[in-house]
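Please examine the structure shown below.

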Amino acid sequence: MEKRAKQSVGISRRQFFGGAGVLAASGAFGAFGLAGCAPENKTTEGPGSISINFADTVEWDSEYDVVVIGWGGAGSVAAITAVENGAKRVLITEKAPYGDEGGNTRYCEQYAYTPASVEDGVAAMKAFAEGFDTATDEIVQFMAQGAVDNVEWILAHGAESFGTPPASASGGDVQVAWPPFEDLETWTVEKAGQLMLAGEWPIWPNGEANNGRMTSYQVNAPDNGEKKYWKLMRKNVVGMKENIDVWYESPAIQLIQDPFTKTVLGVKVAKKDSDVFVRALNGVVLSCGSYEASEEMIETFAQIPCGLPLGSTYNTGDGIKMATAVGADLWHMDALSGPWPTAKYHNEHRGIFGGTMPNRITVEGNCFYVGGNAKRFMKESDWHKHGHVDVGGTWISQQTPDIMWAIMDATARHGTGVISYVEDEEIIEASSIAELAEKIELDPATLQATADEYNAAAAAGEDPRFNRPKASLKPVETAPFYAVRLWPCFVNSQGGPKRNTKCEVIDVDGNPIPQLYSAGELGSMWAGVYSGGGNIAETMYSGREAGKNAAAVKEQPQAVELALVDYKPQSLGNDLDESEATSDVQLGENEYLGTGEGLHGPIVAKVTVVDGKVTAVEVIKQTETADITERVWSDMPKAMVEAGSAEVDTISGATLASNGLIAAVEDAVAQAK
């Protein structure tokens, strides 16, 4: 690599050691060494200066034009686009082993949320983000335009069909928008003689009817669980293996940042347990998902101590930690796709994705849910919106108790409505409701009362507590009885480092961090309410933008010249020394300075005392709340002069301040005796 001339930047000693503090925290100085730190231009008149090119202090093990952290949909698109924009060498470093790569993209239903026009996209995305200032006009426009542009892009990258393709493309699958039903009255919707799932948002959060303005497309639909979008992206990456390297079982663990220019120079990677330092000449793209697989972060940001992921178990917030370590701001940390109550795999710390979005785990309705108190807590039917429910007219993440059980009978377990996807090991059986309660450690009497109340509602065809539709109200009365533990589960979380429409990561001062980009769910642009397919669409448009900008050739960091200075530390005082507050108060004949204690600090008053009587009161110092204590300082001194003493009534609502002033005057009177 061509060496560049050093640059005199005039960084002070204070800035130098500020940078050193950053490095010390990461162990960088010790790990990298500090080449070229000998003082230059040192004269007898001063300490001189040193010149440092920080990039040259790191012992790099490998070098790429672009490094992409995380191989899911967004990482794929970023790497593909980087190569298409001139990057000769791109590295994708992936935490998962071979076969588990793909992030949430390999688990999801492959739908991409697609507007019929940019204008429709803007209208919809504004409705979903209403009330959230982070959804600026610029960002919403970027999302809508990007989602429209996805159609042409995915067709150009090997999709045979994707929604309604351009006239120039062959084939196509015209996918019908979700039916315009405000609420589902039954478990499924019949359309064209077939049962189908009703979409999330036939009516947008602001009350507008969708009417085909926003649709969801799949690559070569129907997907039929084949994960065609993910496979197509993976195929594109593999087809570029002359330009793209992939490392499995190699999580990125640290971003290497120049402490002086704040430029992200590369990445420290645990490559199959060996730490390697990878230089990224033009950019690093964070595309490693958010935090839904981190128990610690779900507890911290979602306030749920027992949440589970529904997708990748590798999305543990690594990108959040790395980004904040280099000064990134965060946003959308509580923007969640979930939770919804879901059973888990028996031998895996992951919820079961299929069949649970309708807030039920049985096809038939002979089932209800209870919390740890053995009582129902929700409407166990209809569709939630990726974990969002309507509360008082606002769509928010639904609240779930820490302990949840699905209670059902033999009709649900063995009839036509077989429990959706739940493994036998997760099903607890009993001959009675009371016995079932004992087995799952709930109060038997309460669970029996809950079952009786539910069965009465089923018999009446009306659910007074949760308004569950009549068609789904089926009794739980046929032995044996069954219980399945449910967990609050998340498709994903949108939280992470804040980014702009160039997909640059933004620092806490609102400035882009040089050469650091993000794409996909990590720091997603979805604020507020989420719509299914939104993240797959975002993998494409954010991945394209991040990959393009990361690939752009950058000027390599130059050396900085650091001035060494002499310093002479001195005391700059102590604000806790309050003696000066009254040191300039002049006392005349018969005047005394008294002190009392208020709620927020000392109250000092200058009091004139003649023949034992108070004739004047002046408040010298007080730090009480102004609007509450105003009458203490105006009315009470007058009352004290009229009474000739401190024995006056306190001011209602300001007792502590009143008593403090009384104490101050009494202190002054005592000095006069």
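How much space lies in the second largest cavity? The space amounts to about 60 Å³, where a cavity is a set of points, on a 1 Å grid over the protein atoms alone, at which a 1.4 Å probe fits but cannot get out, and a volume is the space filled by probe spheres set on the points, joined across faces, edges and corners. The model is predicted, with pLDDT of at least 70 required for local features and 80 or more for side-chain atom pairs, while totals for chains, interfaces and linings use all residues. Residues are numbered from 1 along each chain as its sequence is written, and side-chain values use heavy atoms, without hydrogens and water.

Lining residues, which have an atom within 4 Å of a point, include Met 125, Phe 128, Ile 139, Met 143 and Trp 526. The lining comprises ten nonpolar residues, no polar and no charged, with Ala, Val, Leu, Ile, Met, Phe, Trp, Tyr, Cys and Pro counted as nonpolar, Asp, Glu, Lys and Arg as charged, and the others, Gly among them, as polar. Helix 5 (137-156) gives the largest share, three residues; helices (H or I, at least four residues) and strands (E, at least two) are DSSP runs numbered from the N terminus.

Attention now turns to strand 29 (residues 602-610). Strand 29 pairs (at least two DSSP bridges) antiparallel with strand 28 over seven bridges, and Pro 602 is the bridge partner of Glu 597. Seven bridges also join strand 29 to the antiparallel strand 30, where Val 619 stands opposite Ala 605.

Notes:
1 Å grid on protein atoms, 1.4 Å probe; cavity = no way out; pocket = protein on both sides within 12 Å on 5 of 7 lines; lining within 4 Å.
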